[in-house]
Amino acid sequence: MTAAAKVADELVPHPVNEQLPGVDYCVNSNPSWAEAIVLGFQHYLVMLGTSVIIPTIIVPYMGGGNVEKAQVVQTLLFVSGVNTLLQTWFGTRLPVVVGGSFRFITPSLYVAFSQRYYIYLNPYQRFIRTMRAIQGALMVASVLPMLLGFLGIWRIVVRFISPLSAVPLVTLVGLGLYEQGFPLLAECVEIGLPELIILILLSQFIPHMWSSKRPMFDRFAVLLSVGIVWAYAALLTVAGAYKNRPLNTQLSCRVDRSGLVSGSSWVSFPYPIQWGPPSLHAGEAFVMIAAAFVALIESTGAFIAASRYGSATHVPSSVLSRGVGWLGVGIFLDGLFGTGSGSTVSVENVGLLALTRVGSRRVIQISAVFMLFFSIFGKFGAIVASIPLPIVGALYCVLFALMSSAGLGLLQYCNLNSFRAKFIIGFSFFMGLSVPRYFTDYVLTSGHGPVHTRSVWFNKMVQVIFTSPATVAGIVALFLDLTLARKNESTRKDSGRHWWAKFKYFDKDPRSAEFYSLPYGLSKYFPSL
């Protein structure tokens, strides 16, 4: 090759890839059983953080103690395992974990703070009554995603999404959770920061410095780093490093302060209506519906990211709709069993697909088996779940970042020299970060949201929707993409619509059947459109 040809070759832009290269195992390919089991446990370990954080926040306000918190964690793990299996078998069939969602914390606390539950002087009675109300609200809220998904309404909506409008949506699904990253790590810097540093060293630097035939450090970086830092935290606890420290520091840093081990039973099988018959209050149901709406939007972004990291083609519109329908089934099961929170696609587990470069569906299904096992044998699960939360915060710093980069990767389909595209992307990102910040700060300074009508449930509905960065950015980007210079000839190509046109309908691309067909010949009876 001549020097001129070499220079010309170097100046050629990177090619557009409909399927992400460099993935070791795609959706349909599987590592060995031994490796798959270890990777499945690693996914279970990652999703534990959210499963512990949510009950830790809401259960004390409901009137529950360590025993009730442990029961809620076990129930949430059990239902997450069931929902993950349903989603990977009959939903989108993507390698996604379906677990608890931070977006349901506000509706659950709205129920917990209701004045009518303060007549119960016994904290356990108040906990039971509050849980029943949350169950009823969740079961009603589940109707929204089920109707939108199974009736095909969401299929029609997502056909309007282009790569350009998907960039802010997918990116802010991860980036919008920045408050759960370093702030959580900083609650105990002496264990959170070492976890972050070791994780980055193992997953990013060592694989390039020490080449081996079988990737180990990058693929199992989470397990190795958590094991090292957890042991270090245990040594600090035993040595009495936190003996005279403030209570909050002890709760964050010590490995024996979660209360899960003492509160868990050896064997406990979660079952429907275990807290008693659900109750229903219309206002609480409306607030929960708003959270379900946010969950289905954020899950749509996570589905798109998981398809990239699973080296699959873009998700057909009908498959996204099917996945949202099964997400609704998952929220219904949350209400039926009483998890205290609704479900969404686990963002951190999507990030783990990128970190390990393993997008195998089987690995995720194995992780669901771990969820079911440890939810039933509570003492064993509680030991693993007692990992200090600053370690979890360090994991989030890396995994949420990788989730965000999936959205940025969609820019390859767009014309970044177009001022229209620049405006839509920049404005959507800015509003997606600025609007939720405004709503959150307003509550902190005034005690209520900027929408302050006489209907408290309506105020909370607005608060839930507009404190979700992905929801705000996604709505703004979609609106601008559909209305701004719509009739211009270059608009379609600038937005990258021509790349995703064949995925609007299931049978337009033969690869869709390879990745997204239902198992056991069910596609014959439930065809995707």
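Residues 24 or more positions apart account for 84% of those contacts in the protein that have a separation of 6 or more, where contact means heavy atoms within 4.5 Å. The structure is a predicted model, in which local features need pLDDT of at least 70 and side-chain atom pairs count only at pLDDT 80 or more, while totals for chains, interfaces and linings use all residues. Residues are numbered from 1 along each chain as its sequence is written, and side-chain values use heavy atoms, with hydrogens and water left out.

**Overall form**

The protein has 25 helices and two strands, these being DSSP runs numbered from the N terminus, with helices (H or I) of at least four residues and strands (E) of at least two. Its C-alpha trace spans about 80 × 55 × 50 Å along the principal axes. The radius of gyration, taken over C-alpha atoms, can be set against a globule rule of 2.2 Å times the number of residues to the power 0.38; for 529 residues a compact globule would have a value near 24 Å, and the 23 Å of the protein agrees with this.

Of the 529 residues, 57% count as buried, a class that means under 20% relative accessible area, with exposed meaning over 50% and partly exposed in between (1.4 Å probe, protein chains only). The protein exposes about 22100 Å², of which carbon and sulfur atoms supply 67%; accessible areas come from the Shrake-Rupley method with a 1.4 Å probe. The mean positions of the 38 positive and 23 negative charges are 6 Å apart, where Lys and Arg count as positive, Asp and Glu as negative, and His and the chain ends are not counted. The place of a charge is NZ of Lys, CZ of Arg, CG of Asp or CD of Glu.

**Aromatic pairs**

Rings of Phe, Tyr and Trp (its six-membered ring) pair if their centres lie within 6.5 Å, and planes under 30 degrees apart count as stacked, over 60 as edge-to-face and the rest as tilted. By this rule the count comes to 26 aromatic pairs. Phenylalanine 370 and phenylalanine 374 form a stacked pair, because their ring centres are 6.2 Å apart and their planes stand at 15 degrees. Both residues lie in helix H17 (residues 361–376), four residues apart, which is about one turn of the helix. Phenylalanine 374 also pairs with phenylalanine 373, and here the centres are 5.2 Å apart with the planes at 80 degrees, so this pair is edge-to-face. Phenylalanine 374 is buried at 11% relative accessibility, whereas phenylalanine 373 is partly exposed at 41%. Ring pairs link Phe41, Tyr44, Phe370, Phe373, Phe374 and Phe377 into a cluster.

**Valine 462**

Valine 462 lies in helix H21 (residues 456–466) and counts as buried, with 13% relative accessibility. Not counting residues up to four places away in sequence, valine 462 touches Phe439 and Val451. The C-alpha atoms of valine 462 and proline 270, which are 192 residues apart along the chain, are separated by 33 Å.
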